[in-house]
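Let's take a friendly walk through a few spots in this protein. Have a look at the sequence and the fold first.

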Amino acid sequence: MFKAPSRRGGIVAGFLMGAAVIAPATPAAAFSLFGIHLWGEEEEDPNRVEVIDPLDYTAELNVTGDTDLQDAIENASALYANREEPASGRAGLISRAKADYRRILAALYDAGYYGPAISILVAGQEAADLTLAIDLPAEVPVEINVDTGPPFEFGQLSIVNPPPLVDSRRQRVAARSELGFQSGEIAEAGAIGEVSQLAVAHWRLRGHAKAAESGREVLANHPERELDVALTFDPGREARYGPTSVEGATRTDPEFIRFMTDLPEGHRFSTAEIARAQARLGRLGIFRSLRINEADEILPDGSLPMTVAVEDRKPRTLGFGGTYSTIDGLGLEAYWMHRNLWGKAERLRFDASISGLLEELDPANYDYNVGVTFTKPGIYKPDTSFVTGLTAKQLDYDNYRETSLSGTIGVSQMFGDRLTGDIAATFSRARFEDIYGTREFFTLGALGNLAYDIRNDPLDATRGYYVSAMLQPFYEVEYGNPALRGTLEGRYYYSLVGLDTLVFAGRVKIGSYYGPGASESPPDLLFFAGGGGSVRGYEYRSIGVQTTVDGEDGTIGGRGLFEGSAEARYRVTESFGAVAFADFGFVAANPRFAGENDTRVGVGGGVRYYSPIGPLRVDVATPLNADAGDSAVALYIGIGQAF
């Protein structure tokens with residue numbers, strides 16, 4: 001039981017010393033001179049504002065029992081937390097003090113302490129007994145004494161109408177034991193609320209949309225130091241989706257929104273399906289705000305009407321970006337996008353980029369890239385999109401120069417919440433200048449990708465992992481060669497210290513190319529390593545296989561690739577962090593990693609500024625086995641983590 005502080009008895013008497021005055025039957029006329037009131041009843045000024053003088057006070061907090069709760073109690077006490085700020089007069093200080101009983105008690109309940117004694121003395125008097133008639137000094141001493149008492153454990157626990165277990169991994173909800181709600185565990189008050197929410201969530205997953213807690217009995221057994229809890233739930237009727245209506249759409253076709261929501265009328269209600277519908281609509285990128293609301297009541301026929309409330313975004317977007325490396329120079333990029341061409345989230349995007357600035361003086365040696373992409377969501381099912389694009393580029397690397405036009409046409413598919421895939425037909429017409437001279441290639445083929453992403457944040461992941469696989473069969477027309485190219489990449493993130501203060505991140509990528517030799521293969525489809533997203537400290541796509549053609553030494557792409565990166569990311573403050581990293585790259589002439597090869601390692605460190613749009617990355621790297629003429633230090637600047 002809560003031990004209330006003892007109240008001090010006593011009589012407070014007040015008296016006025018001075019001459020006795022007999023008041024007249026009617027109020028005397030008021031008289032003032034030069035705005036100074038002299039006698040009589042003063043007229044009330046309707047515009048007068050009462051000024052409350054601030055009242056300074058000092059606060060001392062003493063905790064006995066479990067002193068580990070000192071910080072929790074300090075945070076809960078408004079008197080202590082705001083001790084540097086004056087109170088709003090006597091009334092403000094007394095109100096703050098009396099409310100502290102409840103706040104401190106709640107903090108102790110949250111920690112599992114149900115028999116505390118709390119005393120709050122204001123100028124030596126218990127705050128619970130104070131009235132506004134008390135006289136207080138100019139600086140009021142406040143003393144807060146808390147005896148936490150012993151911790152309580154959960155005793156007898158019962159749940160009436162518990163939900164059936166959800167055995168589908170896709171719909172997994174935490175077990176109540178994971179929340180600390182079982183006999184013998186510390187009886188933290190928050191665990192009771194969490195297990196109640198858990199039970200309701202289970203029922204709603206099973207189609208009982210209006211499930212609710214209907215009763216709660218909590219009994220503190222002080223002799224045994226146990227807390228007995230009985231929870232009762234009313235699952236209500238099982239619900240099925242009723243009609244879906246749309247509100248707020250001005251640019252988007254409401255029928256298209258209903259189709260993309262994909263809550264078929266008559267199907268059993270499921271919060272998991274609603275969450276997927278919310279995510280699917282959000283991925284369209286056409287709404288400023290989005291909510292899926294269920295009706296307040298289940299209709300007599302068991303149906304539950306649904307409402308999708310949206311606010312359309314402006315359809316056009318113009319964006320800019322940039323990167324910088326002391327090795328590869330300055331890169332600038334821009335895009336223009338219309339995200340809702342004909343009212344069904346059709347997206348048309350134009351991209352343009354230029355790189356090599358500040359590294360080359362001749363514009364003919366810059367890298368240029370322009371492209372256009374059209375995306376049509378919901379072509380067959382809500383999770384299927386049609387995607388086509390065209391790209392023209394000129395790239396000038398140390399090992400080859402490329403001028404090309406390429407295109408794709410295909411579909412993209414979401415398989416659940418985490419798995420995505422796409423398949424497309426591809427073509428490319430390209431001219432390359434390298435150690436083999438000037439060559440032209442014309443390729444026709446297919447491109448397939450699968451990606452499984454369980455990261456908590458793609459731009460700044462601290463937990464989870466990402467796996468992607470790519471397979472690209474193609475036929476090269478000019479030389480008459482079939483070929484197959486494939487890659488597999490994995491990324492893993494582990495938070496070692498709470499609140500993601502210290503994160504270890506790792507990346508591994510392997511690739512193989514089965515086809516003709518380098519002399520009859522497009523260089524852009526062979527493997528190179530190096531650069532900010534590969535092996536830092538080396539120029540972009542500079543790591544390859546050394547060869548000699550007609551007496552000339554040079555670097556060509558390999559048919560086998562292995563890359564790895566490791567980073568330790570430490571968040572120093574809310575806005576800044578530090579990173580240490582090591583990158584590794586291996587390129588081989590053989591797809592099974594045999595034969596001629598080149599291995600390079602780069603190490604370094606960097607800083608991160610955590611901006612609202614993602615971390616701003618500044619890395620400094622050095623190559624451990626550089627060639628003659630390679631830079632000893634490379635600087636990289638960009639947005640987002642390196643991987």
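Asp 312 is buried (under 20% relative accessible area, with a 1.4 Å probe and protein chains only) yet has no salt bridge. A salt bridge here needs a side-chain nitrogen of Lys or Arg within 4 Å of a carboxyl oxygen of Asp or Glu, and the nearest side chain of opposite charge, Arg 251, is 5.5 Å away. This is a predicted model, where local features need pLDDT of at least 70 and side-chain atom pairs count only at pLDDT 80 or more, while totals for chains, interfaces and linings use all residues. Residues are numbered from 1 along each chain as its sequence is written, and side-chain values use heavy atoms, leaving out hydrogens and water.

So what does the side chain of Asp 312 make a polar contact with? The partner is the side chain of Thr 252, at 2.9 Å; a polar contact is a pair of N or O atoms within 3.5 Å, one able to donate a hydrogen and the other to accept it, and residues adjacent in sequence count only if both atoms are side-chain atoms. A polar atom of the Asp 312 side chain also lies 2.7 Å from the backbone nitrogen of Thr 250.

## Two helices

The axes of helix 5 (residues 254-261) and helix 6 (residues 271-283) come within 9 Å and cross at roughly 130°. Helix 5 brings Ile 257, Met 260 and Thr 261 to the contact (heavy atoms within 4.5 Å), and helix 6 brings Ala 277, Arg 280 and Leu 281.

## Leu 502

At 18% relative accessibility, Leu 502 counts as buried. Its C-alpha atom is 8.7 Å from that of Thr 462, 40 residues apart along the chain.

Technical notes: Buried means under 20% relative accessible area, exposed over 50%, partly exposed in between (1.4 Å probe, protein chains only). Lys and Arg count as positive and Asp and Glu as negative; His and the chain ends are not counted. Axes are lines fitted to C-alpha atoms, for helices over the stretch in contact, and angles run from 0 to 180 degrees between N-to-C directions. Helices (H or I, at least four residues) and strands (E, at least two) are DSSP runs, numbered from the N terminus.
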